[in-house]
Amino acid sequence: MKFEDYRIADGIKTSISKLGYKKPTDIQFKSIPAILKGEDVLAIAQTGTGKTAAFAIPILHRLQERKVLGRPNAVRCLVMTPTHELALQVDNVFRTLGKHTRVTTYCIHGGVGQDPQKEKLEDGVDILIVTPGRMFDLVSQGALDLSRVETLVLDEADHMLDLGFIKDIRDVMRHLPTRRQTLFFSATINEEIKDIAYSLVRSQAIRIQISPKDPVAKNIEHAVAYIEMDDKRFFLEGMINNHPDAKTLVFVRTKVRAERVKKAMERVKLITDTIHSGREHADRERTMNSFRSGALKILIATDVSARGIDIPNVEYVINYDLPETAAQYVHRVGRTGRGTNKGQAYSFCSKEEKEVLAEIEENLGKPITRLKVTKAEYANTVANTLEPEIDKKYDWQALIDEHQVEEEKRKKKKKKKRK
Ligand code: AMP
């Protein structure tokens with residue numbers, strides 16, 4: 001099936017073809033017809049599958065078809081997203097796809113002044129993309145009327161729950177009409193998510209699950225290497241130097257770590273920048289734009305700030321620190337290999353992180369490929385750093401032996417399990 005064959009407005013088809021999309025992705029193929037018919041949808045789809053366009057295309061079409069001219073628009077579609085970055089990205093997809101329609105789109109999030117937002121809402125918009133906090137502020141002040149919402153979208157619902165927005169989601173329901181279309185998108189599924197999903201969608205909702213067996217998309221190669229905490233910076237330095245022009249997204253555990261890694265890279269003359277909750281919203285946006293455009297090649301990020309964001313052409317994702325959960329792992333590596341591109345992701349696992357690694361693999365349902373770093377390669381990577389005053393006397397042999405013993409144990413355990 002091609003996009004040309006869909007019964008959607010010509011203006012939307014023009015935008016789709018300008019974007020270079022030829023045929024729908026899996027999630028689009030499965031959800032567009034249902035959403036066009038006005039059905040509720042409950043979709044489990046990992047990031048990078050094209051899920052934003054999967055809801056944006058049919059929503060734009062429906063709103064365009066039934067647009068009443070000359071009347072101020074109330075909000076007709078509300079899209080809730082967990083973070084600023086994702087909200088802006090979703091807004092961008094709606095704008096790009098809706099460029100040749102009369103449907104209006106607006107995005108509100110915290111971290112910026114409220115007055116321009118209130119003015120814009122007074123004029124009326126068709127599609128409103130929000131982060132929960134600011135939306136509630138505006139609703140409680142009476143500046144935002146949600147009583148005429150026809151379609152509600154919850155994007156990355158699992159992440160919204162992680163961030164503690166569950167109460168906000170329930171609260172917003174009180175302001176929405178009960179007769180509405182609800183589209184619920186989540187990258188992962190568990191009992192809690194099922195509960196909330198079923199409480200929001202109608203019982204005959206269409207259920208769609210994309211690649212449930214392997215949560216990491218097929219076009220992403222991902223592997224893990226054993227690297228000690230104090231050596232991680234040398235390996236990052238080495239990787240950057242080996243691929244100086246590659247767009248690389250580096251994940252760390254905390255904002256403090258992000259700044260430290262940036263400093264470590266500065267010492268070896270590598271330019272990087274950070275994105276995390278400790279930075280001003282405007283700075284974050286500037287950094288993101290620079291990374292998007294390719295002016296900045298290396299971005300060091302924490303989970304919260306970078307989750308869900310779509311950056312074109314990220315070639316490498318590096319888990320400088322392992323994430324705490326398999327869901328986070330899936331989200332992180334999903335920053336590369338977007339759409340039809342291929343991507344690579346590497347994780348650095350230190351002694352302290354081996355337990356977390358085992359848990360992640362358990363939840364992924366399969367082991368992650370081990371990247372073999374030979375003793376000589378390990379020693380060379382550390383020895384080749386440009387970092388001044390580095391103590392290069394290290395007991396490599398002991399370190400490598402220890403890794404090998406661990407690996408043997410792991411293999412034996414796996415064999416035993418298979419039997
Ligand atoms: P998403 O999962 O919505 O974040 O989308 C991931 C990426 O896939 C984005 O960069 C989209 O531009 C791209 N994409 C979405 N739909 C298609 C399509 N039908 N063909 C090719 N790329 C697509």
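This is a predicted model: local features need pLDDT of at least 70, side-chain atom pairs count only at pLDDT 80 or more; totals for chains, interfaces and linings use all residues.
Residues are numbered from 1 along each chain, as its sequence is written.

Start with the overall build. The protein chain has 17 helices and 14 strands. Its radius of gyration is 23 Å, close to the 22 Å that the globule rule gives for 419 residues, so the chain is as compact as a globular protein of that length. Here the radius is taken over C-alpha atoms, and the globule rule is 2.2 Å times the number of residues to the power 0.38. Helices (H or I, at least four residues) and strands (E, at least two) are DSSP runs, numbered from the N terminus. Along the principal axes, the C-alpha atoms fill a box of roughly 75 × 50 × 40 Å.

Next, the inside of the chain. A residue is buried if 20 or more other C-beta atoms lie within 10 Å of its own, exposed if 12 or fewer, and partly exposed in between, with C-beta atoms placed from the backbone. Of the 419 residues, 41% count as buried. Two residues are in contact if their C-beta atoms, placed from the backbone, lie within 7 Å. Among contacts with a separation of 6 or more, 76% join residues 24 or more positions apart.

Now look at the domains. The assignment gives domain 1 (3-209) and domain 2 (220-418); such bounds come from an automatic or database domain assignment. The C-alpha centres of domain 1 and domain 2 lie 33 Å apart. Across the boundary, 17 residues of domain 1 are in contact with 15 residues of domain 2. On the side of domain 1 that touches domain 2, helix 4 and helix 7 (157-162) each supply at least two residues. Helix 4 gives the largest share of that side, four residues. By class, that side of domain 1 has four nonpolar, ten polar and three charged residues. Ala, Val, Leu, Ile, Met, Phe, Trp, Tyr, Cys and Pro count as nonpolar, Asp, Glu, Lys and Arg as charged, and the others, Gly among them, as polar.

Helix 1 comes next. The buried residues of helix 1 (residues 10-19) are Ile12, Ser15 and Ile16. Seen down the axis of helix 1, these buried residues fall within an arc of 100°, so they line one face of the helix. The arc is that of the directions from the helix axis to the C-beta atoms. The buried residues of helix 1 pack against helix 3 (51-65) and helix 4 (84-97). On the other side of helix 1, Asp10, Ser17 and Lys18 are exposed. Gly20 follows helix 1, and its phi is positive, near 85°.

Two other residues also have a positive phi. Most residues other than glycine have a negative phi. Lys269 has a positive phi, near 65°, although Lys269 is not a glycine. Lys269 sits in the loop between helix 11 (255-267) and strand 10 (273-275). With 10 other C-beta atoms within 10 Å, Lys269 is exposed. Asn313, also not a glycine, has a positive phi of about 60°. Asn313 is in the loop between helix 13 (303-306) and strand 12 (316-319). Asn313 is exposed, with 12 other C-beta atoms within 10 Å.

Finish with two residues inside helices. Gln117 is in helix 5 (residues 115-123). Gln117 counts as buried, with 20 C-beta neighbours inside 10 Å. Leaving aside neighbours within four places in sequence, Gln117 is in contact with Ile108 and Leu138. Arg286 is in helix 12 (residues 281-293). Arg286 is partly exposed, with 15 other C-beta atoms within 10 Å. Arg286 and Ile275 are eleven residues apart in sequence and 9.8 Å apart in space, C-alpha to C-alpha.
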